[in-house]
Amino acid sequence: MAIKNITVLGSGIMGHGIAQVSAMSGYNVVLRDIEQQFLDKALEKIKWSLEKLVSKEKITKAQSDEILSRIKTQVDLKEAVKSADLVIEAVPEIMDLKKKVYSELDAVAGKNVIFASNTSTLPITEIANIVSNPERFIGIHFFNPPQLMKLVEVIPGQKTAQEILSQTVEFVKSVKKEPVICKKDVPGFIVNRLFIPLVHEACWLKQRENLKMEEIDSAVKFKMGFPMGIFELADFTGMDVIHKATIELELRDKKVILPHPEVERLFNEKKLGQKSGEGFYKYSDEKYERVQLDENLARRCNPIQMVANILNNAAWLVTNKASDIAEIEKAAQLGLGLKKPLFETAKEIGIKNIVSELNDLAKKYGKFYEPDPLLVSMQ
């Protein structure tokens, strides 16, 4: 069955972005939310985004009008999904809310509709068990903002049919995005399994080695090939997002993350990062400003502990057959903006040195740091 009509549930940042990229690729889109005022706001944002593309001469005014004409808004759920081939759900990351949405959706959607959740951390299999045909359920994790970010993680649940996986991958390519398949429904999927624990590791490194944030961030940027420092990236992402993901990851797998209390403290103090004016760093006004990082500061920090953390989680994904090195590198490049492959950085430092570092950390701080068998075998 060809996908022509898409319904997007939730018109927030992710929802209206997914609606826009789908309409730009020729799909008919129904954007659904619980109140018309949310939908009106979302349409304004889509119009603004398209106007920017017109002003940059990426598309013409006529094309912009045509794209907008493909997006309809709807509050009534039954009406919103009556001609849908694919429903992409982008409601907030609250398991009970998602389950409620899917039980309502299951009652009104056609039996051949593909259900796709844009969750970034919640277990696909658990949500899929709410619907009557979990084999037609899949994870489709767009990155923020969907208009700009190329990566989409595609995550089959335990019961997802192979043809649904194939159709979803084709859909992702059709909206000019790069799919990366996370073959198993593991906590954090690929990118968040690498990124979220790394934020906490940076906090531990700061505490244990008595380093400044700028020194760690400079090392992460100049020695590990990140586009910005890890504290900077955390502020850009938002402490609300990181805190929520931390809870989900820890709930599902203690081995994946060693939470540092600093993240929860910032979250509780509403220091959410860029969006609130303060997170790890302070920001003076609305516009996005960069923290001053340089190669001199980078020299004061040996990032081996950070490299060991991200590499151990990458190796875990391979060992547990959730991904392979090539796909992990693609996900890290597109999802985290890495300019240098992870395993290349690892080779420069030396896998033997990284395994030795992990063993030392495990002796001091516990089993969390034990090296993955893949890394041990690569020495």
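This is a predicted model: local features need pLDDT of at least 70, side-chain atom pairs count only at pLDDT 80 or more; totals for chains, interfaces and linings use all residues.
**Phe226**

I began with Phe226. Setting aside neighbours within four places in sequence, I found Phe226 in contact with Leu198, Val220, Lys221, Leu233, Ile310, Leu336, Leu338 and Lys339. Contact here means heavy atoms within 4.5 Å. Residues are numbered from 1 along each chain as its sequence is written, and side-chain values use heavy atoms, with hydrogens and water left out.

Phe226 sits in the loop between helix H9 (213-222) and H10. Helices (H or I, at least four residues) and strands (E, at least two) are DSSP runs, numbered from the N terminus. Is Phe226 buried or exposed? At 1% relative accessibility, Phe226 counts as buried. Buried means under 20% relative accessible area, exposed over 50%, and partly exposed in between (1.4 Å probe, protein chains only). I also checked Lys340, which is 114 residues from Phe226 along the chain. Their C-alpha atoms are separated by 7.8 Å.

**Helix H10**

Next I followed the chain into H10. H10 is mostly covered, with six of its eight residues buried. The buried ones are Ile230, Phe231, Glu232, Leu233, Ala234 and Asp235. Which elements cover them? The cover includes H8, H9, H11, helix H14 (304-319) and helix H15 (325-336).

The axes are lines fitted to C-alpha atoms, for helices over the stretch in contact, and angles run from 0 to 180 degrees between N-to-C directions. Ala234, Asp235 and Thr237 of H10 meet Met239, Val241 and Ile242 of H11. Gly238 follows H10 and has a positive phi, near 110 degrees.

**Lys271**

Met239 came up again when I looked up Lys271. Lys271 lies in the loop between helix H12 (261-268) and helix H13 (295-298). Its relative accessibility is 23%, so Lys271 counts as partly exposed. Lys271 and Met239 are 32 residues apart in sequence, and 7.3 Å apart in space, C-alpha to C-alpha. Neighbours within four places aside, Lys271 is in contact with Met239, Arg265, Leu266, Ser276, Glu278 and Gly279.

**The sheet**

I turned to the strands. An open sheet of eight strands has the order S3-S2-S1-S4-S5-S6-S7-S8, with mixed pairing. Two strands pair if DSSP finds at least two bridges between them. Which strands stand at the edges? They are S3 (71-74) and S8 (178-181), each with a single partner strand, so one side of each is left without a neighbour in the sheet. Neighbouring strands are turned by 25 degrees against each other on average, direction ignored.

I picked one pair to look into. S4 (residues 86-89) and S5 (residues 114-117) pair in the parallel sense over four bridges. Glu89 has Ser117 in S5 as its bridge partner.

Helix H7 (residues 162-174) lies across S1 (5-9), S4, S5, S6 (137-142), S7 (151-156) and S8. H7 runs at about 25 degrees to S6.

Most residues other than glycine have a negative phi, and most peptide bonds are trans. I listed some exceptions here.

- The Asn144 to Pro145 peptide bond is cis, with omega near -5 degrees. Pro145 lies in the loop between S6 and S7.
- Lys176 is not a glycine, yet has a positive phi of about 60 degrees. Lys176 lies in the loop between H7 and S8, and is exposed, with a relative accessible area of 56%.
- Phe189 has a positive phi too, near 55 degrees. Phe189 lies in the loop between S8 and helix H8 (191-209), and counts as buried at 0% relative accessibility.

**Charges over rings**

Last, I looked up charged ends over rings. The charged end of Arg193 sits over the ring of Trp316, 3.5 Å from its centre. That of Lys255 sits over the ring of Phe368, 5.7 Å from its centre. The rule asks for NZ of Lys or CZ of Arg within 6 Å of the ring centre and within 35 degrees of the ring normal.
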